[in-house]
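This briefing concerns helix geometry and helix packing in one protein model. Please consult the sequence and the structure shown here while reading.

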Amino acid sequence: MSATSGFVRYRGASGRSYELAAKPFNSGAEAEVLDVRGRPDLVAKVYFKPLGARRRKVEAMVRSVPDKDMQAHLAWPLDALYRPDGAFAGFVMRRCAANGIELGMLYEPADARAHGFDFGKQLGVAGMLSDITACLHARGVCIGDFNPRNVLVFLEARGLDLAVIDNDSFAFADAGGCSYPCLGWTPEFSAPEVHAAAAGGARDFGHSIEGDRFALAVHVFKLLMAGCHPFDTRLVDRSAKRPSTEEAIRQGVFVYERPVRGLAAPLHAPEYGYLPKDVRRLFARAFLGKPHERPTAREWCQALERMAAGGLSSCPRGHRYPSSAATCPWCDLEARRAKAMGRYVAATATKASRAGARGGAGSRGSTRAAGTSSGPARATGMPSSGGRAAARPGTRRRLIAWCLGILLVLGTLNSCVSGMSVDLHAPSQDGADVGAQQGAIAGQPSPDQADQATADAGHARTVIETIITPSG
């Protein structure tokens, strides 16, 4: 293998020669990514263990390269790479811009705002992802492990752009009918039949285009519903059992469309009814219907286009939302959160009061028992009420400290939530320095706020320690 000035030469299936950097600029569990000398538009992916099955799949993908318009949104293998001895090494692919944002960073409004995305742009991302998925499905390509880490979003001067990466994990069939499976999966973005296949030990996890449709619906739901997963729930009846996200997927527990006793949508979820009816119908088909009944990626494109065409409104607080909604869903969400926090504080105060009453009663009972026993109390000359006087201050100290600690935590959380809520849906400012605003936008305190919070916490800690520390 010849090396020149820190580069190593490989041969491509096309007959071209590629000089790859000796040191990678990125590395994962299965491969490393290297620069290609003289080709700033390309990078090379070189496997640590280039197995035969992987070679056959990459060579088949190279023979099925999509058109240039599709290539702009993919990291498709463009040419297979071989070492001088003929051993398969990997492939070259299009270089994605370095400023890509993982899709998972755009689900929650605070995170999206930190990257310069408002609700309108989140809606645009959902539509673009649906369009790219539809184009892949039209070619018979299944994404398979359709997780947010493999989707990069770019906010550029000319508008939004999006790329789906890790293409060598896709499931597809070549022109000769030979199938190449996807060998990975991410449970919270996988359809019930994929969970069943994984539980049964299927090596390819039963990935299909219908499974992609389920995953796409999860991505769209999280983008439109403030990052909430469609199968996340909360308990409203202690006699019920709350399933995990994966269990809810397997059981079809989608409380937004099919009520389940004792369960409800999470408190951090906006009102589901703010979404247009046709969008809600698609979610019902995606999460409650049979695999063949799930909406296609093209149906999602059309529904999201209609939603965008209906326009977006802004409330006095700067939140953006579909004009078809009767009220601002984000203001409604903040009001619900504040109400829930008020109920929690009241319940905590009631619980503390009852605990104090029980503690006092217990102390009096112990004192009476000690006073009626023969010997010890009389022998020391202590009054029979001495036990009571010693026990009650300690109980009070612990009770007051507990209440103060809870109220301090709740107050801090309420301040953080309120601070985030005011800013997280505000419209983007053209030309603003997003990086400089990132801390405040994401709900992180400024340096002055952090210093004040530290001082308040220190003062509270001193007060609590004073209360719980016995005198003398």
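Which residue with a positive phi follows H6? In this predicted model, H6 is followed by alanine 226, which has a positive phi near 55°.

**Helix H6**
- Helix H6 covers residues 209-224, and its 16 residues should span 22 Å at 1.5 Å a residue; the end C-alpha atoms lie 23 Å apart, which agrees.
- H6 is largely enclosed by the rest of the structure, because 14 of its 16 residues are buried.

**H8 against H9**
- Helix H8 (residues 277-288) and helix H9 (residues 297-309) have axes that come within 10 Å and cross at roughly 155°.
- That angle makes H8 roughly antiparallel to H9, and H8 passes H9 in a left-handed crossing.
- H8 contributes Asp278, Val279, Leu282, Phe283 and Arg285 to the contact, while H9 contributes Glu299, Trp300, Ala303, Arg306 and Met307.
- The residues of this contact comprise 6 nonpolar and 4 charged, with no polar ones.

**H4 against H9**
- The axes of helix H4 (residues 119-138) and H9 cross at roughly 155° and come within 8 Å.
- On H4, the contact is made by Phe119, Leu123, Ala126, Gly127, Ser130, Asp131, Thr133, Ala134 and Cys135.
- On H9, the contact with H4 is made by Ala297, Arg298, Trp300, Cys301, Leu304, Met307 and Ala308.
- By class, the contact of H4 with H9 holds 11 nonpolar, 3 polar and 2 charged residues.

Conventions. Residues are numbered from 1 along each chain as its sequence is written. This is a predicted model: local features need pLDDT of at least 70, side-chain atom pairs count only at pLDDT 80 or more; totals for chains, interfaces and linings use all residues. Side-chain values use heavy atoms; hydrogens and water are left out. Helices (H or I, at least four residues) and strands (E, at least two) are DSSP runs, numbered from the N terminus. The expected span of a helix is 1.5 Å times one less than its number of residues. Buried means under 20% relative accessible area, exposed over 50%, partly exposed in between (1.4 Å probe, protein chains only). Axes are lines fitted to C-alpha atoms, for helices over the stretch in contact, and angles run from 0 to 180 degrees between N-to-C directions. Angles under 35 degrees count as roughly parallel, over 145 as roughly antiparallel, 65 to 115 as roughly perpendicular and the rest as oblique. A crossing is left-handed if the near helix is turned anticlockwise from the far one by less than a right angle, and right-handed if clockwise. Contact means heavy atoms within 4.5 Å. Ala, Val, Leu, Ile, Met, Phe, Trp, Tyr, Cys and Pro count as nonpolar, Asp, Glu, Lys and Arg as charged, and the others, Gly among them, as polar.
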